[in-house]
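Please keep the structure in view while reading.

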Amino acid sequence: MSIIAQHGDIFILLACAFGLFMAWGVGANDVANAMGTSVGSKAITIKQAILIAVVFEFLGAWLAGGEVTNTIRKGIIDPALLQDDPQLLVYGMLAALLAAATWLLIASMRGWPVSTTHSIVGAIVGFAMAGLGLEAIGWSKVGQIAASWVVSPLMAGSIAFMLFKSVQHLIFESRDPFAAAKRYVPMYVFLVGFIVAMVTFTKGLKHVGLELGFGASLLYSILVGLGLMLLGGLLERRVDPQKRQDDAFGFGGVERVFGVLMLFTACAMAFAHGSNDVANAVGPLAAVINVVNNGGEIGGEALVSWWVLVLGGGGIVIGLVTYGHKVIATVGTGITELTPSRGFAATLAAATTVVLASGTGLPISTTQTLVGAVLGVGLARGMAALNLRVIGTIVMSWLITLPAGAGLAIMFFFMFKGMFG
């Protein structure tokens with residue numbers, strides 16, 4: 001009787017427990033990135049941020065989380081090398097989940113915004129090195145993922161820079177900034193709705209049994225954008241244009257209009273984050289379930305069961321509620337001073353980048369994307385607007401993440417091999 005048949009139930013139970021722990025880490029550390037700008041710019045309170053994130057992170061994970069999950073699970077290791085020894089894949093995925101989750105717990109306690117994607121990729125590379133040797137790793141795939149760590153902050157930073165410049169030009173430099181804000185903000189709301197809806201319809205809904213063609217997706221996305229635009233217009237009317245005592249530049253009313261817009265971008269970012277980063281928790285979990293259910297057979301396209309995505313979404317929510325506030329403070333107030341208009345440009349740029357990457361199946365780091373976007377907004381105001389010390393700490397924590405994930409995974413891999421093997 002094979003080890004997998006003998007201990008199959010134990011493997012699945014352990015995978016679910018570690019997957020939940022990993023999803024908790026994603027919620028505790030990474031969701032702060034989705035909400036940090038909104039809280040930092042004082043557009044929403046921490047309680048509102050947690051409520052928004054609970055709903056939209058879960059929906060993103062459940063509705064649009066299937067595509068990236070496949071990239072994380074396949075491509076880093078060559079499955080053919082594990083055919084004779086499928087239990088190695090089970091030990092490795094369990095070790096990777098536990099290693100990445102442990103590192104996220106340490107980072108969250110310190111308030112470091114590290115990358116959950118780095119953590120799990122580093123852990124999978126560590127297990128492959130220990131269990132199979134260096135030649136077993138798909139270095140070209142790892143290289144692609146590593147390249148995305150440079151590309152995603154640059155892309156998000158560029159989009160944020162251009163968005164903020166457009167806001168400055170169209171609104172702040174006009175004769176009547178408040179009237180200009182009321183005119184142009186609904187267009188930005190349309191953009192938010194359209195981008196998120198487009199990716200959800202084109203990529204995300206396969207496992208809910210809904211497959212739409214490109215034309216239908218485009219039409220529905222435009223309708224969603226228009227619907228949100230109307231809602232934004234209604235909310236906007238309630239904003240008071242009166243200048244307040246503490247408002248030196250007379251832009252307070254404009255910023256309050258952007259405060260309304262931040263609600264939409266916060267929802268978009270939470271959704272985008274859930275869809276991209278749930279893969280880090282449920283990818284390895286799906287791999288273990290697949291191997292056990294197929295009696296040790298590796299390969300074949302494993303569909304991620306709906307309950308696995310629900311488990312991932314639930315774990316993210318628990319992590320956010322219990323521990324998310326620490327990293328929110330670092331991202332929201334540490335890098336540069338944010339107002340609702342700056343926060344909006346950063347969040348929409350980051351959401352657009354994450355959603356595009358999620359649609360193409362590339363597991364990018366939400367953390368780096370958002371930090372890149374916040375840097376882009378800061379740069380639009382000049383280098384003096386950036387806190388270089390905080391940025392240095394963040395970059396250092398990113399560099400440690402990959403080796404930390406790999407080292408812990410190697411240790412846990414030998415532990416599981418000793419226990420079951």
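Over which residues does pLDDT stay under 50? The stretch is residues 245-250, for which the model has four contacts beyond four places in sequence; pLDDT is the predictor's confidence in each residue, from 0 to 100, and a contact means heavy atoms within 4.5 Å. This is a predicted model, in which local features need pLDDT of at least 70 and side-chain atom pairs count only at pLDDT 80 or more, whereas totals for chains, interfaces and linings use all residues. Residues are numbered from 1 along each chain as its sequence is written, and side-chain values use heavy atoms, with hydrogens and water left out.

For the protein as a whole, pLDDT averages 79, and 84% of the residues score at least 70. Among the elements, the lowest mean pLDDT, 55, belongs to helix 3 (residues 66-73), and the highest, 88, to helix 4 (residues 86-110).

The secondary structure consists of 14 helices and zero strands; helices (H or I, at least four residues) and strands (E, at least two) are DSSP runs, numbered from the N terminus. Of the 421 residues, 59% count as buried, where buried means under 20% relative accessible area, exposed over 50%, and partly exposed in between (1.4 Å probe, protein chains only). Among contacts with a separation of 6 or more, 85% join residues 24 or more positions apart.

Helix 13 (residues 366-379) illustrates burial. Its 14 residues reach 20 Å from first C-alpha to last, close to the 20 Å expected at 1.5 Å a residue; the expected span is 1.5 Å times one less than the number of residues. Because 12 of the 14 residues are buried, helix 13 is largely enclosed by the rest of the structure. The buried residues include T366, L370, V374 and G378.

Helix 14 (residues 388-420) contains S397, which is buried, with a relative accessible area of 0%. Beyond residues up to four places away in sequence, S397 touches W103, W112, P113 and V114.

In helix 6 (residues 139-172) one finds K141, which is partly exposed at 23% relative accessible area. The C-alpha atoms of K141 and I77 are separated by 9.0 Å, although the two residues lie 64 residues apart along the chain.
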